[in-house]
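Reader: I am new to protein structures and would like to learn how to read one. Could you guide me through it?

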Amino acid sequence: MHLHCTRLSTALGAELNGLDPNAPISTELADALHASLLEHHVLFLPDLDLSPTRMAELGHALGTLGVRHHSYTTHPESADVTVLEWGGDKVPDAAEWHADMTYRATPPFASILKAIVLPPVGGDTLWASMFSVHDALPPGLRRDLETLDACHDMGSFRTEAWERAGNTGIDEAMTSAGSAVHPMIAHHPVTGRPYLNVSESFTRFIIGLSAPESARLLTQLFDLTNRPEHHVRLRWQENTIAIWDNRGTQHYAVADYLPHRRVMHRVAVAADRRAPTEAHATLV
Ligand SMILES: O=C(O)CCC(=O)C(=O)O
């Protein structure tokens, strides 16, 4: 199989062509996808009509599955596939910059997302390179952030919990999703490259700062994340698959298509088969 890779922006993103949707997902192919993912952070694979079972197989080839989302339903053919469906009065919930599930101590390594039903226009997704944001930080600010940690929680997923069961719903959802403190500058576990590790969806406050100091600094960092030079934007076609490395990227699903429907299938890959073990953490 000959894969052809075209870079799409300076910061991140590449289109990958040449995958056969019917070919088995060999170790060689998974190795090639992993290497491309490390280089480009997000890959777009057009016209790759994988069934839910085959999407889960692709996920298994990249790592271990098992992170189920607390708020979404799963596909009847494969419990590893989450169905994201919006439209009518079901308002999309991902029009905020975020890395997936950083309210967990160990967020997933990667996600695989396939377009099933698309609106006539709109419904694009953007990704940001948090490596690029990190590298653009003023040096003094970067040095300060290197010493700071921030607390992440489930953010606006609370709304759904509230609508379902009021205060009890929020308490239960917060307990089940959990919260986690992460360094504000993290390092990619394979490449060691530093990235800015806060998101407007899930980073609630900076440990050790007062609420207003924390809010001011986070807002400044969210504004930096929002600058287009750090982004790539995908205009989906049916059966396009995107794979992103959740360590060092964030994404934003544009919510501009209601009342039309948009349906996506997603597999979350919990752990990277090819990442060095804990020992690596001491090397970076
Ligand atoms: O629907 C999309 O384009 C992205 C959904 C999303 O934010 C996610 O899967 O975490």
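Author: Gladly! Let us begin with an idea about burial: a residue is buried if 20 or more other C-beta atoms lie within 10 Å of its own, and exposed if 12 or fewer do. Keep in mind that this is a predicted model.

Reader: Which residues of strand E2 are on the covered face, and which are on the uncovered one?

Author: In a regular strand the side chains alternate between the two faces of the sheet. Strand E2, residues 14-17, has Ala14 and Leu16 on its covered face, while Glu15 and Asn17 are on the uncovered one.

Reader: Which strands pair with E2, and in what sense?

Author: Two strands pair if at least two bridges are found between them. Strand E1 (residues 4-7) pairs with E2 in the antiparallel sense over four bridges, and Cys5 stands opposite Leu16 there. Six residues lie between the strands of this hairpin, and Gly13 takes a positive phi near 100 degrees. With strand E3 (residues 42-45), E2 runs parallel, joined by two bridges; here Glu15 faces Phe44 as its opposite number.

Reader: What do E2, helix H1 and E3 make together?

Author: They make a right-handed β-α-β unit, with H1 covering residues 27-40. H1 lies across E1, E2, E3, E7 and strand E15 (241-245), and runs at about 125 degrees to E3. Helix H2 (residues 52-62) also packs on the sheet, where it touches E5, E6, E7 and E17. The direction of H2 makes about 115 degrees with that of E6.

Reader: How many strands form that sheet, and in what order?

Author: Eight strands form an open sheet with mixed pairing, and the order is E1-E2-E3-E15-E7-E17-E6-E5. E1 and strand E5 (73-75) stand at the edges with a single partner strand each, so one side of each has no neighbour in the sheet. From one strand to the next, the twist averages 30 degrees. Inside the order, E6 and E17 run antiparallel and are joined by five bridges, with Leu84 opposite Met264 in E17.

Reader: What is the order of the open sheet of three strands?

Author: Its order is E14-E8-E16, and the pairing is antiparallel. The twist averages 20 degrees from one strand to the next. Strand E8 (residues 125-129) pairs with E14 over four bridges, and Leu126 stands opposite Arg233 in E14.

Reader: Which residues does Tyr252 touch, leaving out those up to four places away in sequence?

Author: Tyr252 touches Ala95, Glu96, Trp97, Thr125 and Leu126. Tyr252 sits in strand E16 and counts as buried, with 22 C-beta neighbours inside 10 Å.

Reader: Which residues are around the ligand?

Author: They are Leu84, Ala94, Asp100, Ser111, Leu113, Thr125, His251, Ala253, Met264 and Arg266. Strand E7 (110-117), strand E16 (249-253) and strand E17 (262-269) each give two or more residues to this shell. By type, the shell divides into five nonpolar, three polar and two charged residues.

Key:
Residues are numbered from 1 along each chain as its sequence is written. This is a predicted model: local features need pLDDT of at least 70, side-chain atom pairs count only at pLDDT 80 or more; totals for chains, interfaces and linings use all residues. A residue is near a molecule or strand if its C-beta atom, placed from the backbone, lies within 6 Å of it. Ala, Val, Leu, Ile, Met, Phe, Trp, Tyr, Cys and Pro count as nonpolar, Asp, Glu, Lys and Arg as charged, and the others, Gly among them, as polar. Axes are lines fitted to C-alpha atoms, for helices over the stretch in contact, and angles run from 0 to 180 degrees between N-to-C directions. A crossover is right-handed if, with the strands pointing away from the viewer, the path from the first strand over the helix to the second runs clockwise. Two residues are in contact if their C-beta atoms, placed from the backbone, lie within 7 Å.
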